Amino acid sequence: MTTTPDRPPTDGELLTAVLSGQREKFAEIVRRYQTPLLRLAMSRLGRQQEAEDAVQQTFLNAFRWLNTYDSRYSFRTWLWTILINNCNRLHQKSA
């Protein structure tokens, strides 16, 4: 992974590193997306704890199933889809 101080690694570079065994690089994905995912989860669920749970589960699912991600498509969209599915499941459980 070639990065410079001027340019952070792309999602693709981070994902390639994670898939090649540098699992610690996934922490950068978490830092990059945690806040926007939490905002979306809060807008869907309305409760901080449920939103945090949905985001945590999203990252766990993404890490677990990262080898199924198709890089022809947006990683961000893939991650958001996982979050929305988790929010829907949590909402159904609480209904």
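In this predicted model, Asp-11, Leu-14, Leu-15 and Val-18 of helix 1 meet Phe-26, Glu-28, Ile-29, Arg-32 and Tyr-33 of helix 2. Those contact residues split into 6 nonpolar, no polar and 3 charged. The protein chain has 4 helices and 0 strands. Helix 2 also packs with helix 3, and the axes of helix 2 and helix 4 come within 10 Å.

**Overall layout**

- Read from the N terminus, the elements of the protein chain run α-α-α-α.
- Along the principal axes, the C-alpha atoms fill a box of roughly 45 × 25 × 20 Å.
- UniProt lists residues 29-92 as "domain: RNA polymerase sigma-70 region", in an unreviewed entry.
- Over residues 29-92, the chain is 81% helix and 0% strand.
- The end C-alpha atoms of that stretch are 28 Å apart.

**Helix 1 with helix 2**

- Two packed helices are described by the angle between their axes and the distance between the axes.
- For helix 1 and helix 2, the angle is about 145° and the axes are 8 Å apart.
- A salt bridge joins Arg-32 to Asp-11.
- The closest N and O atoms of this pair are 2.6 Å apart.
- The pair links distant parts of the chain, with Arg-32 in helix 2 and Asp-11 in helix 1 (residues 11-19).
- Arg-32 and Asp-11 are 21 residues apart.
- Side chains of opposite charge can pair when their charged atoms come close.
- The structure holds 6 salt bridges.

**Helix 2 with helix 3**

- Helix 2 and helix 3 (residues 48-64) pack at an angle of about 140°, and their axes are 8 Å apart.
- Helix 2 is therefore oblique to helix 3.
- Their crossing is right-handed.
- On the helix 2 side, the contact uses Phe-26, Ile-29, Val-30, Tyr-33, Gln-34, Leu-37, Leu-38, Ala-41, Met-42 and Leu-45.
- On the helix 3 side, it uses Gln-48, Glu-50, Ala-51, Glu-52, Ala-54, Val-55, Thr-58, Phe-59, Ala-62 and Phe-63.
- The residues of this contact divide into 15 nonpolar, 3 polar and 2 charged.

**Helix 2 with helix 4**

- The axes of helix 2 (residues 26-45) and helix 4 (residues 75-94) cross at roughly 40°.
- Helix 2 and helix 4 are therefore oblique to each other.
- Helix 2 passes helix 4 in a right-handed crossing.
- Helix 2 brings Ile-29, Tyr-33, Pro-36, Leu-37, Leu-40, Ala-41, Arg-44 and Leu-45 to the contact.
- Helix 4 brings Phe-75, Arg-76, Leu-79, Trp-80, Leu-83, Ile-84, Cys-87, Asn-88, Leu-90 and His-91.
- By type, the residues of this contact are 14 nonpolar, 2 polar and 2 charged.

**Residues of helix 2 to look for**

- Ile-29 and Tyr-33 take part in the contact with helix 1, in the contact with helix 3 and in the contact with helix 4.
- Leu-37, Ala-41 and Leu-45 meet helix 3 and also touch helix 4.
- Phe-26 meets helix 1 and also helix 3.

Terms used:
Residues are numbered from 1 along each chain as its sequence is written. This is a predicted model: local features need pLDDT of at least 70, side-chain atom pairs count only at pLDDT 80 or more; totals for chains, interfaces and linings use all residues. Side-chain values use heavy atoms; hydrogens and water are left out. Axes are lines fitted to C-alpha atoms, for helices over the stretch in contact, and angles run from 0 to 180 degrees between N-to-C directions. Helices (H or I, at least four residues) and strands (E, at least two) are DSSP runs, numbered from the N terminus. Angles under 35 degrees count as roughly parallel, over 145 as roughly antiparallel, 65 to 115 as roughly perpendicular and the rest as oblique. A crossing is left-handed if the near helix is turned anticlockwise from the far one by less than a right angle, and right-handed if clockwise. Contact means heavy atoms within 4.5 Å. Ala, Val, Leu, Ile, Met, Phe, Trp, Tyr, Cys and Pro count as nonpolar, Asp, Glu, Lys and Arg as charged, and the others, Gly among them, as polar. UniProt positions are given in the numbering used here, feature names are shortened, and annotations may be inferred rather than shown by experiment. A salt bridge is a side-chain nitrogen of Lys or Arg within 4 Å of a carboxyl oxygen of Asp or Glu.
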